[in-house]
Amino acid sequence: MSTINVHYFASLREASGLSHEEMSFEGTYKELYLSLVQKYHFNLPPEMIMVAVDDEFSSMDEVIKPQGKVVFIPPVAGG
Amino acid sequence: MFSLSTTPISSELLTESLQNEKAGAIVVFHGWVRDHNEGKKVKSLEYQIYKELALKEGKRILEEAKKKFNLHGIMAVHREGHLALGEIAIWIGATSSHRDDAFKATRYVIDEIKYRLPVWKKEHYLHEKPEWVFCKDHHHHVHFSEKEFYSKQSALVNQDKLKNAKVLVVGAGGLGCPVLLSLAGAGVGHITIVDHDVVSLSNLHRQSLYSVNLVGEKKAIASSKKIQELNPFIHVEGISERVKLEHLQHDLMIDCTDNLETKYFLHDLCHKLRLPLISSSVYQNEGQIRTFIPGEGCLRCQSEVTPDDSLLGNCNDFGVIGAVTNTLGSLQASEAIKFLSTGENSTTTHTFYLNVADLSIMKVKNFKKEGCKTCAGEVQLEEHKVEVSGGMEILDIRNLTDEEVMALKPHNVALCCHRGIRSKKLAMKLQEEGHEVYSLKGGVSSL
């Protein structure tokens, strides 16, 4: 089982009430996100989410890297 | 270069830090907090930022802009935390030699930041609950993919072969412009453009890569910028200085030049280097295209002597319309794409002739002479001509100093001194700088 550190921002942070948490999960980042949707009732589908692993953009279809820092990125609005 | 700030941004200080005497322009962009969005009245804004990735991605965006637009300096600062109406949320400054680059760079940076930076905005309204907002049309993707770019052609070509091909295009004029547009669009991975000339007004009617604001600019540089904008996935390089072409590593050369002396030189060079060559030329209503595979028949099989340019009409002197050069150039590009994609095309065995006046076509079988030395690669490259015996406008330099002659930047003339020695030295120097200038052999004493 991979232990990872998952970080939340914006609406995901508000829905979960957390800025980050540690957890174990096996599968892809998309599957992890879907399980979190179940748990916290996020209102954004995985198609609208990007994922960053260890501070670099990755793909939701990638298999979860053990010991990684995972950040789910809802639609951005900089500038 | 890229930073985040939890305190108000001082535009004056940032502008000052970009001061640079090399720059002819600075363009500064402020993104302000405005009082409305989608029909709702906004009273303030909150920015939440994934710092580590934002700093990395912001740095990357600025580095891309610096490279793409030849900037002297580039800086951007994004605010964090709670902002009031009218505050600067983002500051971008770009300096360049010419204003066009600075304008384009700032636009590029703000657009990329909006697409890519992990920053979230929460709007606080007068009469409604606060909301995390985002631009709804951006939520599908980070950026477009290479696959999407080529989606309308990928069934028809070997995209990988095109991507791995290195093509040298000599001449960015009437034939070169349509060739470059087509090759860039098709995804030829590496394109080098060689042209010593600058854009002139009389080119614009047919040379579609240029525009009024580019008159005076070096063609090799202007054209490479344009096709890079068309296709960000390929590597493009423009060379306007005289270089030894044999040192450039390529798979194919495309001859888009307009004079026989250069055409024969390129032809001989390709046979020496065993490099395939696709050559095209246009005269008024007629054009021709031929592909040379070294060893399979060449121009020297038919005539060992290089014909003189005075025998042939030139587009600049005799006129041509853009539709004709664009047609031949596009066909030349098509032959190149076929060759790169499949290893074959239609002009290796036959020279293709097209007459647009009556749309007649001829395909003439190419001739190979047994024992042709050029076909075998035994080539004596004719050194670039410096001396002429006459037939050109003369510039008498006897009463001018070397510096005065160099400063005149003479064009299409033969320098003339007493005996042709000083004029030869100066002509060689001027040729190295890209000027079409020669020396009268023997000087005044020969006249």
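Two residues are in contact if their C-beta atoms, placed from the backbone, lie within 7 Å. Helices (H or I, at least four residues) and strands (E, at least two) are DSSP runs, numbered from the N terminus.

The model is predicted: local features need pLDDT of at least 70, side-chain atom pairs count only at pLDDT 80 or more, and totals for chains, interfaces and linings use all residues. Residues are numbered from 1 along each chain as its sequence is written, and chains are lettered from A and ligands numbered from 1 in the order in which they are written.

**Exercise 1. The two chains**

Task: Describe the make-up of chain A and of chain B.

Solution. 
Step 1. Take chain A. It has two helices and five strands. From the N terminus, the order is β-α-β-α-β-β-β.
Step 2. Take chain B. Here there are twelve helices and 21 strands.
Step 3. Check burial. A residue is buried if 20 or more other C-beta atoms lie within 10 Å of its own, exposed if 12 or fewer, and partly exposed in between; these C-beta atoms are placed from the backbone. In chain A, 30% of the 79 residues count as buried. In chain B, the share is 36% of 447 residues.
Step 4. Look at sequence separation. Take contacts in chain B between residues at least 6 apart: 70% of them join residues at least 24 apart. For chain A, with a separation of 6 or more, residues 24 or more positions apart account for 52%.

**Exercise 2. The interface**

Task: Find how many residues of chain B are in contact with chain A, and sort them by class.

Solution. 
Step 1. Count. 23 residues of chain B contact 15 residues of chain A.
Step 2. Locate. On the chain B side, two or more residues each come from helix H2 (51-68), helix H3 (99-116), strand E8 (119-125) and strand E9 (131-133).
Step 3. Sort. Ala, Val, Leu, Ile, Met, Phe, Trp, Tyr, Cys and Pro count as nonpolar, Asp, Glu, Lys and Arg as charged, and the others, Gly among them, as polar. The chain B side then has 14 nonpolar, five polar and four charged residues.
Step 4. Note the scores. The predictor gives the complex an ipTM of 0.86 and a pTM of 0.59.

**Exercise 3. A helix pair**

Task: Work out how H6(B) and H10(B) meet.

Solution. 
Step 1. Name the partners. They are helix H6 (residues 176-186) and helix H10 (residues 322-342) of chain B.
Step 2. Read the geometry. The axes come within 7 Å and cross at roughly 40 degrees. Axes are lines fitted to C-alpha atoms, for helices over the stretch in contact, and angles run from 0 to 180 degrees between N-to-C directions.
Step 3. List residues. H6(B) brings, among them, B:Cys177, B:Val179 and B:Leu183. H10(B) brings residues including B:Asn326, B:Ala333 and B:Ile337.
Step 4. Classify. This contact has eight nonpolar, five polar and no charged residues.

**Exercise 4. Confidence**

Task: Find which elements of chain B have the lowest and the highest mean pLDDT.

Solution. 
Step 1. pLDDT is the predictor's confidence in each residue, from 0 to 100. Chain B averages 90, and 96% of its residues score at least 70.
Step 2. Helix H9 (residues 315-318) of chain B has the lowest mean, 69. H6(B) has the highest, 98.
Step 3. Over residues 137-143 of chain B, the pLDDT is below 50. Beyond near neighbours in sequence, this stretch has nine contacts in the model.
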